[in-house]
Amino acid sequence: MIELINSGVIFNEEAHTYHLDGKELHGITKYISNYICPNKYTFIKQDVLEKAAKRGSEIHKGIELMNNGFLPYEDKPEYRNYQYIIDTWNLTHVASEYTVTDRDFFATNIDGVYHRKGNIILVDYKTTAKLDHEYLKWQLSINAYLFEKQNPHLKVGVLACIWLRGDKWDYVTYERIPDAEVEEFLFASKNNSLFVPNKDALAVLYDVEQEIINIDRAVKEAEERKKQLQQILMVAMDRNNCLSLKTDKLSIAYKRGGTQKRLDSKRLKEDNEEMYNKYLTEVEVKPSILITIKK
């Protein structure tokens, strides 16, 4: 018999919060969305998301009843297909909604823990229209990492998703992300620092391009509005012969227009390149990229 260690975490299903010894812990979902799949739900309406979440929750509860030897409240094709998958892949149920944690910052529930001839299988149930394989690979890999930290006597052998949607079903397995990369991800999530998934640059671009476009648009709109507000202030200060304004939040100095003298480095180089080179200095230039958004 496989025995799992109880995390001691108190999970509030309604609020979807985790607490351990009075301290609130953080789920992993939002961090995977932020770092790995930032545009996962960008183009999906809120009411559609809420409807899908409700439907998914109902299927989860029905499966949990089946795992505990009871019949679901309704007869749905998802439940028949679930039983077919369990029988076909010879999966023996160990635990449902099993909570794992690092006992410091993170906690999450694993939909289902199974075994087949002693081989531990972690399963996530999905009822979405399509499977986000990258998201699932990360979710299950993090689950496996935390599971083994909590149960050092056990080793996860398979990461899988059971997909159930009406008459359609699938049983998909995933290659596990190395623990070292998972640790980098968890560290970045905890410390709000940079994390770049270990994949080719074009794949990373596809993950973030829409967010870059949205941010660029928002920045341009904000800069344009800022210019308008500055112009309003400048006209008001000029009319009132006011050179400075101060409030608790802002300090503004108004400088009237005029002329300035500046060094024409291009002309200097053309007229006296030796003098120009004499005053050149080397400075360190940090790596950078130039992003051009197509119209």
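Buried means under 20% relative accessible area, exposed over 50%, and partly exposed in between (1.4 Å probe, protein chains only). The model is predicted: local features need pLDDT of at least 70, side-chain atom pairs count only at pLDDT 80 or more, and totals for chains, interfaces and linings use all residues. Residues are numbered from 1 along each chain as its sequence is written, and side-chain values use heavy atoms, without hydrogens and water.

**Exercise 1.** Classify tyrosine 206 as buried or exposed.

*Solution.* Locate the residue. Tyrosine 206 sits in helix α6 (residues 201–239); helices (H or I, at least four residues) and strands (E, at least two) are DSSP runs, numbered from the N terminus. Now apply the cut-off. Tyrosine 206 has 53% relative accessibility, so it counts as exposed.

**Exercise 2.** Work out the strand order of the open sheet and its edges.

*Solution.* Start with pairing: two strands pair if DSSP finds at least two bridges between them. The five strands run β4-β5-β6-β7-β8, with mixed pairing. Strands β4 (92–101) and β8 (168–174) are the edges, each pairing on one side only. Neighbouring strands are turned by 30 degrees against each other on average, direction ignored. Axes are lines fitted to C-alpha atoms, for helices over the stretch in contact, and angles run from 0 to 180 degrees between N-to-C directions.
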